[in-house]
Amino acid sequence: MKLKTALLGAAACLAFAPAAFAERGSDGNVKILYSQAVSIMNAYLSGGTKDIEVGSLVLEPLAGYDSKGEIFPRLAAEIPTLANGGVSADQTSITWKLQPGILWADGTPFTSADVVFSYEYCTHPEGGCAQGAKYEGIASVEALDDLTVKVTFTGPKPNPYTAFVGATSPIIQKAQFEACIGAAAPTCTEANFAPIGTGPFRVTDFKVNDTVELEANPNYRHADKPKFATVSVKGGGDAAGAARAVMETGEFDYAWNTQINPELQAQMNAGGKGKFVSGFGTLVERIEMNMTDPSPSLPEGERSTTKHPHPILSDIRVRKALSMAIDRGLLVEVGYGEAGRVTCNLVPAPEAWASDNTDCVNQDMEGAKALLDEAGWTVGANGIREKDGVPLKLLYQTSVNPVRQDFQALVKSWWNELGVDVELKAVDAGVFFGGDPGSPDTFQKFYADVEMYANNFDGTDPEAYLSNYLCDKAPRPETQWQGENVNRFCDPAYDELVRTFAASTDPTERQGIAKKLNDMLTKDSYTIVPLVHRGRLSAHSNSLGGVDLNVWDTELWNVEDWHRVQ
Amino acid sequence: MTDTSVIEKPRNQWADVWAQFKTHKGAVIGLAVFIGLVFFVSLGPFIWTKDPTYINPNAAEMIKTRNKPPSWEFPLGTDQLGRDMLARMMKGGQVSIAVGMVAMSISILLGTLVGVMAGYFKRLDGPLMRLTDLFLALPLLPLLLVMVMLFRDPLARAMGPEGGTFLLIVFAIGVTSWMQAARIVRGEVLALKEREFVLAARSIGTPPRRMILRHILPNVVSPIMVSATLGIASAIITESALSFLGLGFPPDFPTWGRLLFDGVDYIQQYPERVMWPGIAISLTVLSVNYIGDGLRDALDPRIRGR
């Protein structure tokens with residue numbers, strides 16, 4: 001009998017052990033390293049990812065995105081949809097129900113007044129809010145009762161999840177920020193450095209551009225979270241140093257954005273103190289083909305405009321051959337290692353929106369050569385192809401960046417093999433992406449035959465991104481050379497489909513259209529030749545559990561679940 | 001003692017200079033190293049015929065030849081794309097040494113001209129020195145940016161991308177680095193002008209042109225030589241900075257400066273990658289410095305023969 005009791009007691013202890021383990025603050029301190037130092041905790045006053053992400057330890061939005069890009073409720077009771085009536089049938093308003101019983105870190109109740117205030121704070125005309133885009137197209141935000149907020153848009157909005165969704169539009173406490181609205185916003189240093197939040201942690205000490213010390217929020221809505229009692233966020237250094245601090249010396253538990261070359265990744269992995277985690281958003285490194293003639297012999301103002309189609313690249317067979325000659329697997333291996341993968345799509349993610357196009361994955365040098373032969377480009381003197389006396393010569397530009405220069409050299413070697421003469425050009429990134437209409441070297445002006453860079457889109461819906469390739473979005477003198485359709489791609493069928501896309505409300509239909517649009521730009525026309533789907537690379541120590549790298553929202557989105565692995 | 005020993009050979013000035021130069025051990029070693037480097041970069045590619053930009057188009061083969069340590073097949077190893085470092089060093093040296101020498105010549109020519117004119121002709125002194133101040137106040141990099149933007153395309157069209165860039169870089173470095181030389185030379189000339197031998201020359205009616213060439217210039221050779229040797233080094237470094245900013249040669253065109261910058265990313269895993277160009281640049285600069293030192297002594301009539 002006694003033995004039985006003892007055994008029962010032991011069993012009970014074992015059964016209760018996980019519960020005891022899961023107590024709030026049971027795991028001590030976690031050290032996080034941001035290679036860019038944090039300068040403010042208020043996301044509304046900073047465009048810097050580092051500020052927004054560290055701020056998300058304290059401030060929360062109504063809903064966020066998880067690591068798959070799916071929306072989930074944080075302070076809201078549920079996600080309003082057309083189906084549950086939260087989104088009005090005409091898509092002109094969305095009504096958020098807040099979770100009852102949520103307290104701010106100072107113990108006061110969280111209400112709809114705080115939500116309305118956050119909107120007023122960011123849209124104040126004198127405020128200079130960094131996240132204004134989140135509140136674009138909103139007519140009014142009103143509190144229907146203490147736990148209900150109604151957002152009315154100026155027109156139908158197929159994607160109503162912009163305001164109060166994601167770490168870039170958190171809810172701030174009305175009581176704390178009331179006096180800080182408008183022009184006074186940046187002067188409230190105390191509130192901006194130590195905002196009162198609903199998130200898992202609260203600030204205990206803030207040193208600008210250096211360290212942030214936080215402790216568990218005693219009023220956090222989950223009694224058993226966060227697992228860590230305190231968080232220390234340190235800023236400064238560079239990506240390689242940050243990776244080393246986690247992977248080799250073990251000084252830190254988590255390092256943000258450790259983008260380093262694959263050689264160094266492999267070396268650090270051998271350190272055995274931690275591991276790299278990669279997450280894939282929508283960033284795609286691609287080669288863009290110029291559909292217009294960039295020849296310097298054309299007068300300024302006509303060069304690289306639709307007046308003169310490109311003499312070589314107007315032929316789709318040439319563009320296709322250039323794409324086929326590229327070995328994307330090798331590019332990934334040389335340039336990105338774990339932080340990249342082969343893609344043939346302009347919209348590579350989220351999964352539901354990405355086309356299943358994989359035709360470019362394998363290099364096909366012979367096929368490419370045959371295609372050029374068929375197009376009439378025959379091998380002439382010095383192995384350079386020519387047609388009607390015109391040599392097949394391309395100027396290939398990109399920004400200065402060691403990985404891009406390696407890519408240029410590799411692609412040049414494949415295109416040389418194909419019989420294409422390639423001249424390389426690298427432009428300082430500040431100039432290349434600077435958009436100065438006076439400079440001939442911007443990526444928009446595109447005074448080259450092909451160019452390479454990476455681009456992505458915000459959120460999970462690619463509508464705005466794909467709308468960039470409308471005919472009238474082409475950069476040209478009349479638009480001061482602004483616009484994202486750098487290829488000067490112009491297809492009436494594409495424009496028509498984009499209009500259908502904007503009018504469509506059914507998610508499945510929208511996804512189908514997005515895939516079709518993606519294919520029209522990539523495998524149907526080879527206007528854009530995607531190379532590598534680039535990911536985010538961060539590092540965490542082996543003793544830190546619960547890390548799930550999120551590229552759709554803040555990387556610290558689930559920090560309340562992070563724990564110490566025994 | 002025979003009669004023949006009495007008749008000395010007529011003494012040639014340059015033979016004297018050479019004799020003096022030979023006594024400076026550092027200068028002789030420097031000259032040997034520099035000639036060695038010039039042979040390495042100019043004749044080397046005829047012996048070691050690998051293409052410096054060749055990347056094996058076969059992916060599997062390329063992966064195998066990446067980041068190789070020095071071996072018989074690749075005496076200096078290979079880079080991250082499997083390109084032969086020895087061939088790249090030779091090709092890169094051609095450009096770097098040529099840029100250094102030509103840019104230095106331009107800047108010394110300009111600097112000496114301005115310095116002598118300003119020092120010798122009182123009326124030109126003010127305007128020329130203000131011009132020098134003006135150039136000193138110009139920020140180098142923004143100026144280069146503008147020059148590159150304005151002239152790269154026309155030059156590239158006229159002379160090809162590499163020739164055009166070479167001319168542009170050499171010219172840009174030359175016209176932005178003559179000011180120190182001009183100031184030093186002017187100071188020396190001002191002092192020399194008051195010396196008795198100049199007064200004597202003037203009193204017998206020597207025209208200014210002859211005065212400058214015959215009496216002033218030989219006496220200011222030493223400061224010119226010193227700034228020239230320093231100029232080569234800074235020209236090589238400036239070229240690499242320009243390449244780094246994307247304003248120099250096309251990115252796949254190796255120069256020592258670019259090889260150095262490319263190697264920095266891999267300094268921990270493959271330190272030899274930065275050592276080769278680093279050693280080459282240091283050797284060039286050092287050897288040229290020593291040659292300059294020796295030349296200065298050899299060309300100075302007051303030191304020579306003592």
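**Chatting through a two-chain model**

Mentor: Let's start in chain B: over residues 216–237 the chain is 100% helix and 0% strand, with the end C-alpha atoms 32 Å apart. Keep in mind that this is a predicted model.

Trainee: Okay. What annotation covers that stretch of chain B, residues 216–237?

Mentor: The UniProt entry, an unreviewed one, annotates residues 216–237 of chain B as "transmembrane region". The same annotation also covers 28–48, 95–121, 133–151, 163–185 and 274–292 of chain B.

Trainee: And how far apart are the ends of 274–292 in chain B?

Mentor: The end C-alpha atoms of that span lie 27 Å apart, and residues 274–292 of chain B are 100% helix and 0% strand.

Trainee: How many helices and strands does chain B have overall?

Mentor: Chain B has 12 helices and 0 strands. Its C-alpha atoms fill a box of roughly 80 × 65 × 35 Å along the principal axes.

Trainee: What about scores for the model itself, ipTM and pTM?

Mentor: The model scores ipTM 0.77 and pTM 0.78.

Trainee: Switching to the interface: how many residues of chain A are in contact with chain B?

Mentor: On the chain A side there are 26 residues, in contact with 18 residues of chain B. Helix H7 (262–269), helix H9 (328–335), helix H11 (402–418) and strand S17 (421–427) of chain A each supply at least two residues of the chain A side.

Trainee: Which of those gives the largest share?

Mentor: H11(A) does, with 10 residues. By class, the side of chain A that touches chain B has 12 nonpolar, 6 polar and 8 charged residues.

Trainee: Now chain A by itself. Which domains does the assignment give?

Mentor: Domain 1 is 29–273 + 542–564, and domain 2 is 281–534. Their centres, taken over C-alpha atoms, are 35 Å apart. The contact between them takes 10 residues from domain 1 of chain A and 10 residues from domain 2 of chain A. On the domain 1 side, those residues divide into 5 nonpolar, 5 polar and no charged.

Trainee: And what does UniProt say about chain A?

Mentor: An unreviewed entry annotates residues 80–471 of chain A as "domain: Solute-binding protein family". That span is 23% helix and 22% strand, and its end C-alpha atoms lie 36 Å apart.

Trainee: I'd like to look at a sheet. In which order do S4, S5 and S6 of chain A sit?

Mentor: The order is S4-S6-S5 in chain A, an open sheet of 3 strands with antiparallel pairing. Strand S4 (93–97) and strand S5 (138–145) of chain A each have a single partner strand, so one side of each is left without a neighbour in the sheet. Neighbouring strands are turned by 15° against each other on average, direction ignored.

Trainee: How many bridges hold S4(A) and S6(A) as a pair?

Mentor: S4(A) and strand S6 (residues 148–153) of chain A pair over 5 bridges. Take Thr95(A): its bridge partner in S6(A) is Lys150(A).

Trainee: Which strands does helix H3 of chain A lie across?

Mentor: Helix H3 (residues 112–123) of chain A lies across S5 and S6 of chain A, running at about 165° to S5(A).

Terms used:
Residues are numbered from 1 along each chain as its sequence is written. Chains are lettered from A and ligands numbered from 1 in the order in which they are written. This is a predicted model: local features need pLDDT of at least 70, side-chain atom pairs count only at pLDDT 80 or more; totals for chains, interfaces and linings use all residues. Domain bounds come from an automatic or database domain assignment. Two residues are in contact if their C-beta atoms, placed from the backbone, lie within 7 Å. Ala, Val, Leu, Ile, Met, Phe, Trp, Tyr, Cys and Pro count as nonpolar, Asp, Glu, Lys and Arg as charged, and the others, Gly among them, as polar. Helices (H or I, at least four residues) and strands (E, at least two) are DSSP runs, numbered from the N terminus. UniProt positions are given in the numbering used here, feature names are shortened, and annotations may be inferred rather than shown by experiment. Two strands pair if DSSP finds at least two bridges between them. Axes are lines fitted to C-alpha atoms, for helices over the stretch in contact, and angles run from 0 to 180 degrees between N-to-C directions.
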